[in-house]
Amino acid sequence: MNFTIKLLDVVALLEYLPEQGLYRGQVGTVIDEYDAEFVEVEFSDLQGCTYALEARSP
């Protein structure tokens, strides 16, 4: 399956990241595209407060 992640896409984590307090399945929004290899994903609560920012490879 070939797909492209774009700015403002909603994505879900495929792995557990305990050092960041993030769990598999948590949903975030792509807020920046660094290059073809990395995007910045923002994780926020229901009030819109950011609790994690993570640079991830799609």
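In strand 3, valine 41 is the bridge partner of valine 30, where strands are DSSP runs (E, at least two residues; helices are H or I runs of at least four) numbered from the N terminus. The model is predicted, and for that reason local features need pLDDT of at least 70 and side-chain atom pairs count only at pLDDT 80 or more, while totals for chains, interfaces and linings use all residues. Residues are numbered from 1 along each chain as its sequence is written, and side-chain values rest on heavy atoms, with hydrogens and water left out.

**Strand pairing**

Strand 2 (residues 27-33) pairs with strand 3 in the antiparallel sense over four bridges, pairing being assigned if DSSP finds at least two bridges between two strands. These two strands, strand 2 and strand 3, form a hairpin with five residues between them.

Phenylalanine 43 belongs to strand 3 and stands opposite alanine 52 in strand 4. Phenylalanine 43 counts as buried because its relative accessible area is 1%, the classes being buried under 20%, exposed over 50% and partly exposed in between, with a 1.4 Å probe and protein chains only. Its C-alpha atom is separated by 6.7 Å from that of threonine 29, 14 residues apart along the chain.

Leucine 22 lies in the loop between strand 1 and strand 2 and is buried, with a relative accessible area of 0%.

**Glutamate 54 and the tyrosine pair**

Glutamate 54 is placed in strand 4 and counts as buried at 11% relative accessibility. Its side chain makes the polar contacts tabulated here, a polar contact being a pair of N or O atoms within 3.5 Å in which, within protein, one must be able to donate a hydrogen and the other to accept it, and residues adjacent in sequence count only if both atoms are side-chain atoms.

| Side chain | Partner side chain | Polar contact |
|---|---|---|
| Glutamate 54 | Glutamine 20 | 3.5 Å |
| Glutamate 54 | Arginine 56 | 3.5 Å |

The structure holds one aromatic pair. Tyrosine 16 and tyrosine 23 form this pair, which is stacked at 5.2 Å centre to centre with 25° between the planes; rings of Phe, Tyr and Trp (its six-membered ring) pair if their centres lie within 6.5 Å, and planes under 30 degrees apart count as stacked, over 60 as edge-to-face and the rest as tilted. Tyrosine 16 is partly exposed, with a relative accessible area of 46%, and tyrosine 23 is partly exposed at 49%.

**The largest pocket**

About 280 Å³ of space lies in the largest pocket, a pocket being an open set of points on a 1 Å grid over the protein atoms alone, with protein on both sides within 12 Å along at least five of seven lines, where a 1.4 Å probe fits; lining residues have an atom within 4 Å of a point. Of the 13 residues that line the largest pocket, Ile5, Ala12, Leu14, Ser57 and Pro58 are the closest to its centre. Strand 1 (10-12) and strand 3 (39-44) are the elements that give two or more residues to the lining, and strand 3 supplies the largest share, three residues.

Notes
Points joined across faces, edges and corners; volume = space filled by probe spheres on them.
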